Structures are given as C-alpha cells and as structure tokens.
Amino acid sequence: MPTLIKVDSFQHRVLRVAQVSNATAWYAVTEASTIPCHDGVDITFDTGQPRTADHACSLKLVGNASTNVQAGLPLGAGNQNVNGSIYFRVASAPSVTSRMIAFAGPASSINMDSSGHIVSQHAGGVSSQTSSGTYADGNWHRLDFYANSSASPNTLDVQIDGVANSQSSRAQAATDTTRVDMGTVAGDTLTAWYSDLVLSNTPGDYPIGDHICKFLRIDGKGTHSQGSGAFQDGSGSATDDFEVSVDDAWDGTTPELSQTGEDYVQQTANDAAGYVEFTLQDPSESTIWGAQLDVLMAAEDSTQVMNCESRLVDSGGTTLATTGLVDPSISNAAYTGIRPIATSAPSGGWSGTSLGACKVRFGYSTDTTPDAIFNAGGVEYAAPWTAPAAASLLVPRRYPHLRNR
C-alpha cells in the first residue's frame with residue numbers, strides 16, 4: 001500500500017483564486033484564466049471527458065502560444081524522491097514536442113512528441129528517452145513516474161500503462177523537488193486531460209499502478225459544539241441546519257463561490273473551542289490508500305488576521321488534518337481557493353469504515369470579531385482500482401458463434 005502525500009480526483013473543480021506564486025497555497029496557476037481558475041479558456045474542468053463512471057469531470061489543459069498553462073502543486077522542503085501516478089488522455093498529437101509533467105528543482109520533465117510518443121528527459125533534452133508506443137489515441141492511459149534527485153546523477157523513471165521508458169539521468173547535485181507541474185510552456189500545442197493524481201515521497205512505492213481517486217462531500221449534520229461562539233449561515237440564521245448551506249455550495253457541480261446568499265457558514269464570536277460539525281458520504285471501497293481534507297474558505301476582511309480552522313476528525317474526535325485560510329490579504333472579496341491538507345490515518349489504519357466515520361469541523365476562531373466563512377468541505381481519497389475489460393474484447397450474446405474465434 002503506497003504512502004500518499006497528495007490525492008487529487010479533480011472533482012472539486014477549483015484550483016485557486018489568485019494567479020500568483022504562493023508556496024503555502026495549493027496550485028500555483030500560471031495561466032491568466034478568469035479566477036477562480038475553473039471557468040477559463042485554457043484551464044477547465046471538462047464534464048464531457050470523465051475517466052470513469054465514478055468521475056464527473058477531468059482537468060483539461062490547452063497549450064497556449066504566448067503563455068505557460070500550468071497547474072503547479074507546491075511541495076514542502078526535503079522532497080527528493082517524488083513518485084506518483086496520473087491518468088492522461090490526448091486526442092491528437094501536438095505539432096511540436098510539448099510538456100505534460102515537470103519537476104521543479106531537478107528540472108526533469110515528461111513530454112509528448114509530434115508522433116504521440118512519451119519522452120522523459122532532463123533540462124535541455126539531456127538523456128532524452130522515448131517510448132516505443134504512441135498514446136495520442138483518445139484513450140485514457142496511466143503514467144507512473146519517479147523523480148529521484150537525492151544524489152548525483154538525478155534520475156527520472158517513467159512507465160506508461162506499465163511499459164517502462166529507459167531511465168533518464170543527469171549528473172547534478174542532490175536537490176529538492178519543490179513543485180510538480182501539470183501542463184505546457186509557452187509555444188506548446190498539446191491539449192491533454194488529466195485525472196486521478198497521487199503523489200508519494202517513498203521510493204519503494206514506484207510504480208503505484210492502477211488506482212482511482214474519489215471525492216466525498218458533506219452530506220449531513222454532526223454534533224455541533226458551539227460553546228460561547230456564535231455561528232450563522234449566509235442569511236444570518238443561527239439554526240443548526242448548517243449542512244444545508246455547505247452541502248449546497250458543493251453539490252457535485254462547480255462550487256458556488258459567492259459570499260452572498262446562504263451558501264456558507266460563518267463563526268461570528270470568539271471561541272477557540274467552538275465548532276460546527278458535518279458528516280461525510282460513505283466511500284464505496286473497503287481498501288483505502290490515503291485521504292486528504294479539502295476545504296473552501298474565505299475572508300471578508302483583508303486587514304484582519306484569520307485564525308479559524310477546518311479539521312478532519314476520526315470517529316473518536318482525534319484530529320487527522322487541520323487547515324486555516326491562505327493569506328486573506330489577496331482580496332477581501334475573493335476566495336483563497338481549495339486548500340487540501342494531507343491527512344493522517346486514524347488509529348487502526350484506513351478502511352472504508354474508518355473513512356466513512358470521519359467528520360469535518362469548522363470554527364475554533366480566537367479573532368475578536370471573526371468574519372471568516374466556510375463555504376464547503378470534503379475529503380478526497382485514493383483506492384486500488386482494476387480496469388474493466390476492453391469493450392472490443394467482449395462478444396455480444398447474440399453472436400455466440402464468434403466467441404471462440
């Protein structure tokens with residue numbers, strides 16, 4: 001079972017709001033699509049190309065002649081053994097070799113050439129390795145990778161549907177991988193769809209192999225503990241049916257990112273121990289590799305420090321993950337985007353039962369006059385997955401004479 005540090009199903013349909021580099025944010029988006037980066041031209045969440053029936057959409061990135069089109073996932077310091085797995089779809093090969101995945105730090109990348117081959121290499125084309133197969137066929141393919149920059153030479157291993165490229169290497173000193181970028185650089189012409197990204201920093205996890213990532217959203221009320229703090233929904237109601245507000249904000253479609261109406265919950269009084277609690281949907285798998293907390297939160301006052309929190313807790317109330325706002329000074333009217341936090345496993349490890357028993361809490365603010373709001377929350381998780389038999393290999397019952405041919 002891999003030890004995962006990031007999970008992304010892309011079903012949340014939000015990257016981040018501000019197109020600026022921020023090491024504490026989730027995705028650093030370099031293409032100036034309309035904020036919050038889920039309704040742009042070059043970066044979209046495509047409901048017409050889900051990878052499986054369990055997905056509502058995939059992430060679509062379209063190469064641009066004049067600008068980078070990248071969703072970069074910042075990593076913390078010390079990541080020198082970054083391996084992961086992602087599914088991709090390309091309908092037609094680019095006219096020029098174009099980037100698909102890049103690793104900032106060791107400066108290695110995975111690309112597609114004009115014939116649809118997968119090319120793994122280091123900066124400047126050093127140690128370029130090209131796949132024997134081509135993959136611009138409109139089908140979904142699995143890409144496993146391992147960027148090892150812990151010593152010289154730095155190496156890059158790549159597999160496509162389990163078929164390995166030769167290892168790419170470059171003589172350079174040990175260096176951290178600071179970010180994993182999906183997407184193209186200016187001048188690239190690749191259009192690609194991505195789904196089910198998982199990352200690990202454990203060398204033995206490579207190759208991770210077939211898997212699926214899913215999203216569990218809030219589906220009910222837990223046990224609130226409001227204490228002396230006050231909570232209300234966007235209409236000013238202080239009833240305890242707050243799950244209606246946050247569930248409606250993230251109902252399986254693009255989240256509603258309005259600070260008007262009723263689609264959020266706000267803590268309005270100082271209470272470091274007060275919170276509201278929400279239950280989650282149950283996963284359909286019994287084996288769970290890893291999970292993370294995803295939240296949408298915003299600040300209505302850019303001049304005030306926001307120290308509210310969202311937490312994921314297990315069935316006994318033990319905190320598995322906690323996150324606050326990204327710097328609210330970006331804008332007093334803008335959401336800071338989805339903020340996922342890698343989640344520790346509960347006592348006894350992950351299972352469908354233990355994950356389904358987890359709850360999301362919001363509150364804990366010690367601000368004098370809190371005005372941070374909680375728009376929505378959920379949990380993404382990864383599980384093993386077996387690809388269904390190819391349709392072309394199945395013979396309909398009405399032609400039984402063809403079965404053994």
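Residues are numbered from 1 along each chain as its sequence is written, and side-chain values rest on heavy atoms, with hydrogens and water left out. Because the model is predicted, local features need pLDDT of at least 70 and side-chain atom pairs count only at pLDDT 80 or more, whereas totals for chains, interfaces and linings use all residues.

Of its 405 residues, 54% are buried, where buried means under 20% relative accessible area, exposed over 50%, and partly exposed in between, with a 1.4 Å probe and protein chains only. The accessible surface comes to about 15,500 Å², and 47% of this belongs to carbon and sulfur atoms; the areas come from the Shrake-Rupley method with a 1.4 Å probe, and for residues only the protein chains shown count as cover. Among contacts (heavy atoms within 4.5 Å) between residues at least 6 apart in sequence, 73% join residues at least 24 apart.

In soluble globular proteins, nonpolar side chains tend to be buried together. A nonpolar core is here a set of buried Ala, Val, Leu, Ile, Met, Phe, Trp, Tyr and Cys residues joined through side-chain atoms within 4.5 Å. The largest has 35 residues, and those with the most contacts inside it include Phe88, Ile101, Ile110 and Tyr194. Strand β16 (residues 191–200) gives the most to this core, with 4 residues. Apart from it lies another core, of 29 residues, among them Val246, Cys308, Leu320 and Val379.

Pro106 lies in the loop between β7 (98–104) and β8 (108–112). This proline counts as buried, at 2% relative accessibility. Leaving aside residues up to four places away in sequence, Pro106 touches several residues, including His122, Asn154 and Asp176. The C-alpha atoms of Pro106 and Asp176 are separated by 7.2 Å, although the two are 70 residues apart along the chain.

Rings of Phe, Tyr and Trp (its six-membered ring) pair if their centres lie within 6.5 Å; planes under 30 degrees apart count as stacked, over 60 as edge-to-face and the rest as tilted. By this rule the count comes to 7 aromatic pairs. The rings of Tyr87 and Trp385 have centres 6.2 Å apart and planes at 85 degrees, so this pair is edge-to-face. Tyr87 lies in strand β6 (residues 81–89) and Trp385 in the segment after β27 (372–384), so the pair ties together parts that are 298 residues apart in sequence. Ring pairs also link Phe231, Phe278, Phe362 and Phe374 into a cluster.

A salt bridge is a side-chain nitrogen of Lys or Arg within 4 Å of a carboxyl oxygen of Asp or Glu, and the whole structure holds 9 of them. Asp181 pairs in this way with Arg179, the closest N and O atoms being 2.7 Å apart. Asp181 counts as buried at 4% relative accessibility, whereas Arg179 counts as partly exposed at 29%. In another salt bridge, Glu277 meets Arg361 with the closest N and O atoms 2.8 Å apart. Glu277 lies in strand β20 and Arg361 in strand β26 (residues 359–363), so the pair ties together parts that are 84 residues apart in sequence. Both Glu277 and Arg361 are buried. Salt bridges that share partners join Asp54, Lys214 and Glu285 into one network.

Note on methods. Helix = DSSP H or I, 4+ residues; strand = E, 2+ residues; numbered from the N terminus.
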